[in-house]
Amino acid sequence: MKKGSGGDGGVIINISSLAGLMPAAFQPVYCATKHGVIGFTRSIALAANMENYGVRLNTICPGFVNTPILQSIDKEENMGQYYSYKDEIKNMMQFYGVMDPSIIAEGLITIIEDDTLNGEVMKITASQGIHFHQYGQTPFTSSKR
């Protein structure tokens, strides 16, 4: 995809979760991997910008989405050792709300169409809709040789 390698450029959108922006006591491995997706995306986006790859990288972090996986909370074989926390997870779902998948698609289209977005973390929640996580200034923007 890199323009310097003959590619046309483009956009890569990684999917994380709100659990990648906050602790999730009942799913620490899931939480850690989602934090990793965000860190990886932001780091590669910075490198792509510094080296003029012509490729943008962003992350979408949805809250609870009404998909079949939400039904798996009631199945011990899907939850493993965290099955005992199913009621707490259901309480979190009630507190944060559950969204229709169409709002995730709307966020995806926004990232694809807005060429100014690179290294951004889009949060999508039932209460606030589509919005972006705010970070402080990156300590550096270029280390060109």
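Modeller: Let's start with the buried residues of H1, which are Cys31, Lys34, Ile38, Thr41, Ala45, Ala48 and Met50; buried means under 20% relative accessible area, exposed over 50% and partly exposed in between, with a 1.4 Å probe and protein chains only. Before going on, a word on the source: this is a predicted model, where local features need pLDDT of at least 70 and side-chain atom pairs count only at pLDDT 80 or more, while totals for chains, interfaces and linings use all residues. Residues are numbered from 1 along each chain as its sequence is written, and side-chain values use heavy atoms, with hydrogens and water left out.

H1 itself covers residues 28-50, 23 residues in total, and reaches 33 Å from its first C-alpha to its last, close to the 33 Å expected at 1.5 Å a residue. That expected span is 1.5 Å times one less than the number of residues. Helices (H or I, at least four residues) and strands (E, at least two) are DSSP runs, numbered from the N terminus. As a bit of background, an α-helix has 3.6 residues a turn, so residues three or four places apart point the same way. After H1 comes asparagine 52, with a positive phi near 55°.

So what do those buried residues of H1 pack against? They pack against strand S1 (10-15), strand S2 (55-62) and strand S5 (121-125), where contact means heavy atoms within 4.5 Å. H1 lies across S1, S2 and S5, running at about 160° to S2. For such angles, axes are lines fitted to C-alpha atoms, for helices over the stretch in contact, and the values run from 0 to 180 degrees between N-to-C directions. Helix H4 (residues 101-113) packs on the sheet as well, touching S1, S2, S5 and S6, and its direction makes about 160° with that of S2.

Now the sheet: it is open, with 4 strands in the order S1-S2-S5-S6 and mixed pairing. Its edge strands are S1 and strand S6 (129-132), each pairing on one side only; two strands pair if DSSP finds at least two bridges between them. Neighbouring strands here are turned by 25° against each other on average, direction ignored. S5 and S6 run antiparallel and are joined by 4 bridges, and threonine 125 stands opposite glycine 129 in S6.
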